[in-house]
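Here is a briefing on one structure. Please read it alongside the sequence and the coordinates.

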Amino acid sequence: MQDNIKYFKKEDRFYILTDYPYDGAAINTTEVIKDYVFLDFDANSGGIYLAEIYKVTDILEASFSHEKIKYDDDTDSLSISLTPNNDTEGPCDLVFRTDKEVMVSLNRTEVGNLTGIDIVGFQFAINHKDFIV
């Protein structure tokens, strides 16, 4: 089982661990896209510890439409925009990667502000035994 990304099938929740909080860290949870995306971050530094995506099966439905959440079936890629301009051509943090199937990155501005999350191999991950809890 992978530690960095997991799909909790019963809860229909995709979990992305970006870092481990230090002992005693003040952690805030923010709902960044109502009902769908939550971030846990360090209240003092703003560093992100965890991103969670809820209602995964809804997102994969052909009829699903949300201005900030886009799934591309052809490339099996999920793009989540956290700002009006999720620049996927700018700098990013590589959070997780397998040899070929799955990659998770956090998009940032030139000064380091988080703009979005990209997941390549999204359906692969939620259907593969190494990622399902």
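**Briefing: strands, sheets and rings**

Asn107 is found in strand β9, residues 103–108. Strands (E, at least two residues) and helices (H or I, at least four) are DSSP runs, numbered from the N terminus. The model is predicted: local features need pLDDT of at least 70, side-chain atom pairs count only at pLDDT 80 or more, and totals for chains, interfaces and linings use all residues. Residues are numbered from 1 along each chain as its sequence is written, and side-chain values use heavy atoms, with hydrogens and water left out.

**Asn107**

- Asn107 counts as buried because its relative accessibility is 2%. Buried means under 20% relative accessible area, exposed over 50%, and partly exposed in between (1.4 Å probe, protein chains only).
- The side chain of Asn107 makes a polar contact with the side chain of Asp118, at 2.9 Å. A polar contact is a pair of N or O atoms within 3.5 Å; within protein, one must be able to donate a hydrogen and the other to accept it, and residues adjacent in sequence count only if both atoms are side-chain atoms.

**Sheet with β9**

- Five strands form an open sheet in the order β6-β7-β10-β9-β8, with antiparallel pairing. Two strands pair if DSSP finds at least two bridges between them.
- β6 and β8 (92–97) are the edge strands, and each pairs on one side only.
- Neighbouring strands of this sheet are turned by 15 degrees against each other on average, direction ignored. Axes are lines fitted to C-alpha atoms, for helices over the stretch in contact, and angles run from 0 to 180 degrees between N-to-C directions.
- β9 and β10 (residues 114–120) run antiparallel and are joined by 6 bridges. Val104 has Ile119 as its bridge partner in β10.

**Sheet with β1**

- Another open sheet of 5 strands has the order β1-β2-β5-β4-β3, again with antiparallel pairing. Its edge strands are β1 and β3, each pairing on one side only.
- Its neighbouring strands are turned by 20 degrees against each other on average, direction ignored.
- β4 and β5 share 5 bridges in the antiparallel sense. Leu39 stands opposite Ala51 in β5.
- β1 (residues 5–8) is covered on both faces: Ile5 and Tyr7 on one side and Lys6 and Phe8 on the other are all buried.
- β1 pairs with β2 (residues 13–17) over 4 antiparallel bridges. The two form a hairpin with 4 residues between them, and Asp12 in the turn has a positive phi of about 55 degrees.
- Phe8 has Arg13 in β2 as its bridge partner. Arg13 also lies over the face of Phe8, at 4.1 Å from the ring centre. A charge sits over a ring if NZ of Lys or CZ of Arg is within 6 Å of the ring centre and within 35 degrees of the ring normal.

**Aromatic pairs**

- The structure holds 6 aromatic pairs. Rings of Phe, Tyr and Trp (its six-membered ring) pair if their centres lie within 6.5 Å; planes under 30 degrees apart count as stacked, over 60 as edge-to-face and the rest as tilted.
- Tyr36 and Phe64 are edge-to-face, because their ring centres are 5.5 Å apart and their planes lie at 70 degrees. Tyr36 is in the loop between β3 and β4, Phe64 in the loop between α1 and β6, 28 residues apart.
- Tyr36 is buried, at 13% relative accessible area. The charged end of Lys55 sits over the ring of Tyr36, 5.4 Å from its centre.
- Ring pairs link Phe14, Tyr71 and Phe122 into a cluster.
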